[in-house]
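Subject: Structure for your files, with notes

Hello,

Please find the structure below, with the sequence. My notes on it follow.

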Amino acid sequence: MAVGVGLGMATYTFSTAEGFWRWVRRCDEAGIDSLWQTDRLVSREPFLECMSVMAGLTGATRTVKFGMNVASLGLRDPLLTAKQCATIDYLSGGRLLPAFGLGSNRSRDWVASGTLTRARGRRMNEALEIMTRLWVEDDVSFSGQHFSYDRASINPKPVQDPLPLWIGGSSDAAIERSARYGTGWQAAFDTPEEAGVIVERIHTAAQGLGRSLDDDHFGAGFGIRFGTWDEPAVRVMAEDFERRTGKEASRGLVVGGAAEILERIGSYVANGVSKFILRPVGRGDAEMEYQTERIISEILPEVPGIARAA
């Protein structure tokens, strides 16, 4: 497997917009595999809107790929979303990595917008079918429980054919969804061992549908901090993670040095996961730059060794 390391953001922790763009340019120049933006619409904390970020990255970068980790299809219109993805992929020369999920039912997005969580899985399945057809077909007609289209079409089409489609989630329904529609899968807050079981289940389910997913298209994301658990930035992130997910912070955060981060990456690789989204934990431009430089200098050079060991 080819092990790839991308960087992502959840809460917007930069001091300035220029600090963010300086970080983006540094990642593009340093050989970071991809950049990822978490999707959250309603929050008192600063969050960038993921599709807008993807559009901005199209013109601000030259080689790095980028995606959303993961965009909630339960809150998005499939025609508009398919058009946005096609446009971004076209303008970037084929660098978009779209990733979708249901979104956490603990999110304020649902309650604040008056959107019911009931039947959101069926709604997402319909949306995925519509979008994947719009990306390749000239006329799409669809009549479902949640969406109806009569000879809808979009142009230009995505550069990538097929356009990658990463699916998030670890429920039985998400596994079936990944096998039926996805070209890749992203772990949520699964341990390496739990992720390994899901990888095998997706492969089995895909085979039953006459499909296959590339072994290199299984990923995981987690926050990382070169530091200690008692630092204020880490405590805030850990508390937020546990409040939102109901899970222990150590599932979603790795804190310490390069050895601890590389050990977590290696554990995932041993369980069939080879693409990673590391989310630096920092406050302000200087901390984010510091954390990122340590990833570039201490993590990236060790990735080829992990790949060879696999």
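Is Leu-262 buried or exposed? The model is a predicted one, and in it Leu-262 has a relative accessible area of 18%. The cut-off for buried is under 20%, so Leu-262 counts as buried.

Leu-262 sits in helix H10. Setting aside residues up to four places away in sequence, Leu-262 touches Glu-298, Ile-299, Glu-302 and Ile-306. For a sense of distance across the model, Thr-117 is 145 residues from Leu-262 in sequence and 37 Å from it in space, C-alpha to C-alpha.

Helix H10

H10 covers residues 258–270, 13 residues in total, and its first and last C-alpha atoms are 18 Å apart, close to the 18 Å expected at 1.5 Å a residue. Its buried residues are Ala-258, Ile-261, Leu-262, Ile-265, Tyr-268 and Val-269. Viewed down the axis of H10, these fall within an arc of 120°, so they line one face of the helix. An α-helix has 3.6 residues a turn, so residues three or four places apart point the same way. Ala-259, Glu-263 and Ala-270 are exposed on the other side of H10.

After H10 comes Gly-272, with a positive phi near 90°.

The cavity and the helices beside it

A search of the whole structure finds one cavity of 30 Å³ or more. The space in this largest cavity is about 60 Å³. Its lining consists of Leu-7, Gly-8, Met-9, Phe-20, Trp-23, Val-24, Leu-35, Trp-36, Gln-37, Val-53, Met-54 and Leu-57. The elements that give two or more residues to this lining are strand E1 (4–9), helix H1 (17–30), strand E2 (34–37) and helix H2 (50–60). By class, the lining has 10 nonpolar, two polar and no charged residues.

H1 has 14 residues, which at 1.5 Å a residue should span 20 Å; its end C-alpha atoms are 20 Å apart, in agreement. Gly-19, Phe-20, Trp-23, Val-24, Cys-27 and Asp-28 are buried in H1, and the buried residues of this helix pack against E1, E2, H2 and H11. Just after H1, Gly-31 has a positive phi of about 90°.

In H2, the buried residues are Cys-50, Met-51, Val-53, Met-54, Leu-57 and Thr-58. They cover an arc of only 155° around the axis, which puts them on the same side of H2. Among the elements that cover the buried residues of H2 are H1, E2, strand E3 (65–68), strand E4 (71–72), helix H3 (78–92) and strand E5 (96–97).

The volume of the second largest pocket is about 240 Å³. It is lined by 19 residues, of which Asp-33, Lys-65, Leu-97, Trp-166 and Lys-275 are the closest to its centre. E1, E2, E11 and E13 each supply at least two residues of the lining, and E13 has the largest share, three residues. By class, the lining of this pocket has seven nonpolar, eight polar and four charged residues.

Two further buried residues

Ser-178 lies in helix H6, residues 172–181. Its relative accessibility is 0%, so Ser-178 counts as buried. Apart from neighbours within four places in sequence, Ser-178 is in contact with Ile-167, Trp-185, Ile-202, Arg-211 and Leu-213.

Phe-142 is in strand E7, residues 140–143. With a relative accessible area of 12%, Phe-142 is buried. Its contacts, leaving aside neighbours within four places in sequence, are Glu-126, Glu-129, Ile-130, Arg-133, Phe-147, Ser-148 and Tyr-149. Phe-142 and Ala-152 are 10 residues apart in sequence, and their C-alpha atoms are 8.8 Å apart.

Regards

Notes. Residues numbered from 1 in each chain as written. Predicted model: local features only at pLDDT ≥ 70, side-chain atom pairs only at ≥ 80, totals over all residues. Heavy atoms only, no water. 1 Å grid on protein atoms, 1.4 Å probe; cavity = no way out; pocket = protein on both sides within 12 Å on 5 of 7 lines; lining within 4 Å. Points joined across faces, edges and corners; volume = space filled by probe spheres on them. Helix = DSSP H or I, 4+ residues; strand = E, 2+ residues; numbered from the N terminus. Nonpolar A, V, L, I, M, F, W, Y, C, P; charged D, E, K, R; others polar. Expected span 1.5 Å × (residues − 1). Buried < 20%, exposed > 50% of the residue type's maximum accessible area, 1.4 Å probe, protein only. Arc of directions from axis to C-beta. Contact = heavy atoms within 4.5 Å.
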